[in-house]
Amino acid sequence: MKYCDRSTPRDWVDNAVRLIEADAQRSADTHLLRYPLPRDWGVQLYLKDESTHPTGSLKHRLARSLFLYAICNGWVGEGTAIVEASSGSTAISEAYFARLLGLDFVAVVPAKTSPEKIALIEAQGGRCHFVDRPPEIYSEAARLARELGGHYMDQFTHAERATDWRGNNNIAESIYSQMALEDNPIPEWVVVGAGTGGTSATIGRYIRYRRHATRLAVVDPQNSAFYGGYETGDAGYQTGMPSRIEGIGRPRVEPSFLGSVVDRMIEVPDAASIATCRYASVALGRRVGGSTGTNLWGAFALIAEMLAAGRAGSVVTLLCDGGDRYAGTYFDDVWVTGQGLDLTGSEAVLAEFARTGDWSA
């Protein structure tokens, strides 16, 4: 009689899951902030503040789910090196969980990733492996994992399936729970960006599962493939170009993006994303990142649409991460000018919206 046993030792698995769950227990849920809009508009805007996670961004939720998924599938065990393809924030969060479990972590990142994010990955005990062409991060991460005998986490494939979209305190369930006592507890719209597509998939599925009347809008920055893929219905749509708005936008439609649960896509110019993150930072009294600017540009447009139709209600979007990570980019006038961006047109749109509720973009 022959036996072949390749299973991961259960004592390590049991302890790894305990450590990750204990980390979640120590972390309170993120706040739902009211954005200041004129009271007489009859529309409320909320931001789910994901910057308060231990690693400072929305990606902390994703990293936790990805690690639990990989461990419980038997892909990660004691001593497994973790490799990820990332534009920054996911790598910071995965580095955190890898260190929690005593595992080595390597992030394959585009060479133009901000120095602030690189420093944060390294501060969590990870190391960075750079590629000059962003579309190559996928194949290089897979190659490096094979070379190290490790595991390629592959957030872009597994994001939509690693999270329990029916509940279990996911971001969608949390939003609706926190909205329960508001004037308009069921939002007209939830507005999110897409990086892996996992967040929009989770929220879109949850809305349908709970039979809410909410519609889901996904905002997409310049050069990203999600809008073009949604517009054409082509899941293989590619631009081959990187997004300047870190954390969202991809050069291809990622496997985790489910366009079938999205009610509307909104394409947002980079100048608008950056102008809005600066504008919102003043309104909120704290810096927010570029992806939050993209979210708010889309949310403002939808609110103006509601006002024009005479509809009251609420809109929810995400504060994805803090703006201090982007002091040398989005908040640096020299960098903005060097990118060939002019923010004045977008700033005029925002000023007009704040004054009248009209949207002239």
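Modeller: Before we start, a salt bridge here is a side-chain nitrogen of Lys or Arg within 4 Å of a carboxyl oxygen of Asp or Glu. This is a predicted model, where local features need pLDDT of at least 70 and side-chain atom pairs pLDDT 80 or more, while totals for chains, interfaces and linings use all residues. Residues are numbered from 1 along each chain as its sequence is written, and side-chain values use heavy atoms, leaving out hydrogens and water.

Colleague: What makes Arg 61 and Asp 29 a salt bridge?

Modeller: Their side chains meet at 3.4 Å, N to O, and the rule asks for a distance within 4 Å. Between domain 1 and domain 2 the count is three salt bridges.

Colleague: Where do domain 1 and domain 2 run?

Modeller: The domain assignment (automatic or from a database) gives 28–57 + 171–356 for domain 1 and 59–156 for domain 2. Their C-alpha centres lie 25 Å apart.

Colleague: How many Å² do the two domains bury between them?

Modeller: About 2000 Å², with 51% of it on carbon and sulfur atoms; buried area is the accessible area (1.4 Å probe) lost on putting two parts together, summed over both. Thr 55, Thr 196 and Arg 325 supply 30% of what domain 1 buries against domain 2, more than any other three residues.
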